[in-house]
Amino acid sequence: MTNTNANTNAQVTGHHHAPRMLLHEVAPEVGKAMLSLERAARKGLETSLIELVKIRASQLNRCAFCLDMHTKDARKLGESEERIYLLNAWHEAPGLYTEKEQAALALTEAVTLLPGGVSDEVYDRAAKHFPQQELAQLIAMITTINAWNRIGVTTGLGPGAYAV
């Protein structure tokens, strides 16, 4: 592909070869605050659940950088390829995910797609599987990955550069 075609493709698809900005370099205090929020949100949550939540939110937000990062992290933690590949259709593959994971994924979708709201049914389903403190951590984790996704998408971070 020639540079002209690559540039045209970038204009049409909105993808850029280099990030528009590295937010953590331009606004280091924001980057530090996000990392603090990340550390606080993950306390008490299973790392495998965290990665599933991060992957699912990143799928919904179409954040290629975060999808690349969290699928690599999940694999390193021992997550199966099958569960990663089918996460986008977890409703159709309930046997692959525990009831607790399904409740967390339903809450992830509701919080990520907020204009639809978080129904009592979705919230109560999550509350059934997560004690109140853990549920608070889960809500914070979902909020955090959504913030990271918005930073990644807005600043044009692309996949491939992340190494576990």
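Analyst: The model is a predicted one, in which local features need pLDDT of at least 70 and side-chain atom pairs count only at pLDDT 80 or more, while totals for chains, interfaces and linings use all residues. Residues are numbered from 1 along each chain as its sequence is written, and side-chain values use heavy atoms, with hydrogens and water left out.

User: How many helices and how many strands are there in the chain?

Analyst: Helices (H or I, at least four residues) and strands (E, at least two) are taken as DSSP runs, numbered from the N terminus. From that end, the elements run α-α-α-α-α-α-α-α-α. The count is therefore nine helices and zero strands.

User: What percentage of the residues of the chain count as buried?

Analyst: A residue is buried under 20% relative accessible area, exposed over 50% and partly exposed in between (1.4 Å probe, protein chains only). The chain exposes about 9400 Å² by the Shrake-Rupley method with a 1.4 Å probe, where for residues only the protein chains shown count as cover, and carbon and sulfur atoms supply 58% of that area. Of the 164 residues, the buried share is 39%.

User: Which helix gives the largest share of the lining of the largest pocket?

Analyst: On a 1 Å grid over the protein atoms alone, a pocket is an open set of points where a 1.4 Å probe fits, with protein on both sides within 12 Å along at least five of seven lines, and lining residues have an atom within 4 Å of a point. At least two lining residues come from each of α2 (23–26), α3 (28–42), α4 (47–61), α5 (64–76) and α9 (132–155). The largest share, eight residues, comes from α3.

User: What is the volume of the largest pocket?

Analyst: By class, the lining has 16 nonpolar, seven polar and seven charged residues; Ala, Val, Leu, Ile, Met, Phe, Trp, Tyr, Cys and Pro count as nonpolar, Asp, Glu, Lys and Arg as charged, and the others, Gly among them, as polar. Grid points are joined across faces, edges and corners, and a volume is the space filled by probe spheres set on the points. For the largest pocket the volume is about 700 Å³.

User: Where do Glu46 and Lys100 lie, and how many residues apart in sequence are the parts that the pair ties together?

Analyst: Side chains of opposite charge can pair when their charged atoms come close. A salt bridge is a side-chain nitrogen of Lys or Arg within 4 Å of a carboxyl oxygen of Asp or Glu, and the side chains of Glu46 and Lys100 meet in one at 3.4 Å, N to O. Glu46 lies in the loop between α3 and α4 and Lys100 in helix α7 (residues 99–112), so the pair ties together parts whose separation in sequence is 54 residues.

User: Which helix holds both Glu29 and Lys32?

Analyst: The side chains of Glu29 and Lys32 meet in a salt bridge of 3.5 Å, N to O. Glu29 is exposed at 57% relative accessible area, whereas Lys32 is partly exposed at 49%. The two residues are three apart, about one turn of the helix, and both lie in α3.

User: What is the phi of Arg62?

Analyst: Most residues other than glycine have a negative phi. Arg62 lies in the loop between α4 and α5 and counts as exposed, at 73% relative accessibility. Although Arg62 is not a glycine, its phi is positive, about 55°.

User: Is Tyr97 buried or exposed?

Analyst: Tyr97 is found in the loop between α6 (81–85) and α7. Leaving aside neighbours within four places in sequence, Tyr97 has contacts (heavy atoms within 4.5 Å) with residues including Leu52, Trp90 and Leu105. With a relative accessible area of 3%, Tyr97 is buried.

User: How far apart in space are Gly160 and Met69, C-alpha to C-alpha?

Analyst: Gly160 is placed in the segment after α9 and counts as exposed, at 53% relative accessibility. Not counting residues up to four places away in sequence, Gly160 touches Asp68 and Lys72. Gly160 and Met69 are 91 residues apart in sequence, and their C-alpha atoms are apart in space by 8.4 Å.
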